[in-house]
Amino acid sequence: MASISSEADTENAELVLFQVKECYVYLIPPRKSAASHRADEWNINKWDWEGSLKVVSKGEECTIRLEDSNSGELYAQAPVRRDQPLPVEAVIDSSRFFVLRVEDTSGPHERHAFIGIGFRERPPAYDFQAALHDHMKYVMKKKQAEELVQEYESKPSVDYSLKEGETLHLNLKSSKSKPDDKATRSKLFDQDQDPSRKDESSSVTMSSSVPFLAPPPNPAVPISLIRAASSKLNEPETESLSSRDSLKAHEDQDDDFGDFQTAG
């Protein structure tokens, strides 16, 4: 309830969107053709009224007010309506002057008139137009929000609850796997990822399946034989030749002796 009341207070409160103390009003001649107004057709150095200009909003309502700077008395006003064009038209030869459509609702009949307004500098003129456009955007967005709410409320509601006797079936796949299968997959994956490891494992398996015998131990060699062999290798070549001649003479004696025994 508190939020609803705060929103209602916001809608009923008046907000000053723009205010300037120096605004000049001109009585402009009637438009001669369909062309836009021109400020050079006015006597801009001789204005008919001087005061403050305010742009005041109250919810969706917005009003441009011309008030006395000292007393605050209302001189003229131009309402900004939701479904109608803005009551402000810029002139084609200046960015500081506009044509304003004011209305008088004090009498039995509504009356309106077109007057010229101008600002001393350009920044207030830009801020004046921006305040009007921001209000129109706010009104447009609020209208779109209301249309969405009406569209939502007009649609029939859908009941997704289970009726009596209805059941709901869910097929859930289990993500668990057997330990053996998981170990096998991890082993195959490791072999595929590292080919060098796969070759190493296969070589270890082959070597473990084929038995082999250790080589026999080396016999102990006496040190004297090793020294004799080394001394023979170091003897000069002449000694080796003489040893060969003596061995050959010995063999000849054996042959002669053998022949003598055979003859006898």
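Me: Is Cys23 buried or exposed?
Reply: Happy to start there, keeping in mind that this is a predicted model. A residue counts as buried when its relative accessible area is under 20%. Cys23 has a relative accessible area of 0%, so Cys23 is buried.

Me: And what about Cys62, buried or exposed?
Reply: The cut-off for buried is again under 20% relative accessible area. Cys62 comes to 2% relative accessibility, so Cys62 is buried.

Me: How many disulfides does the model hold?
Reply: A pair of cysteine sulfur atoms has to lie within 2.5 Å to be called a disulfide. By this rule, the count is 0.

Me: Which element gives the most residues to the largest nonpolar core?
Reply: That core has 25 residues, and Leu53, Ile64 and Phe128 are among those touching the most other members. Strands E1, E2, E3, E4, E6 and E7 and helix H2 each supply at least two residues of this core. With 5 residues, the one that gives the most is H2.

Me: Which residues of H2 are buried?
Reply: Here is a handy rule for reading such a list. An α-helix has 3.6 residues a turn, so residues three or four places apart point the same way. In H2, the buried residues are Ala125, Phe128, Ala131, Leu132, His135, Met136 and Val139.

Me: How far apart are the end C-alpha atoms of H2?
Reply: The expected span takes 1.5 Å times one less than the number of residues. For the 33 residues of H2 that should give 48 Å, and the distance in the model agrees, at 49 Å.

Me: Which residue in E2 is the bridge partner of Phe18?
Reply: Let's look at the strands. E1 and E2 pair in the antiparallel sense, over 8 bridges. Within E2, the partner of Phe18 is Val55.

Me: Which residue in E7 is the bridge partner of Tyr26?
Reply: E1 and E7 run antiparallel and are joined by 3 bridges. In E7, the bridge partner of Tyr26 is Gly116.

Me: Why does Thr63 count as buried?
Reply: Thr63 has its place in strand E3. Not counting residues up to four places away in sequence, Thr63 touches Lys54, Val55, Val56, Gln77, Ala78 and Pro79. Buried means under 20% relative accessible area. Thr63 counts as buried because its relative accessibility is 17%.

Notes:
Residues numbered from 1 in each chain as written. Predicted model: local features only at pLDDT ≥ 70, side-chain atom pairs only at ≥ 80, totals over all residues. Heavy atoms only, no water. Core = buried A, V, L, I, M, F, W, Y, C linked by side-chain atoms within 4.5 Å. Buried < 20%, exposed > 50% of the residue type's maximum accessible area, 1.4 Å probe, protein only. Helix = DSSP H or I, 4+ residues; strand = E, 2+ residues; numbered from the N terminus. Contact = heavy atoms within 4.5 Å. Pairing = 2+ DSSP bridges.
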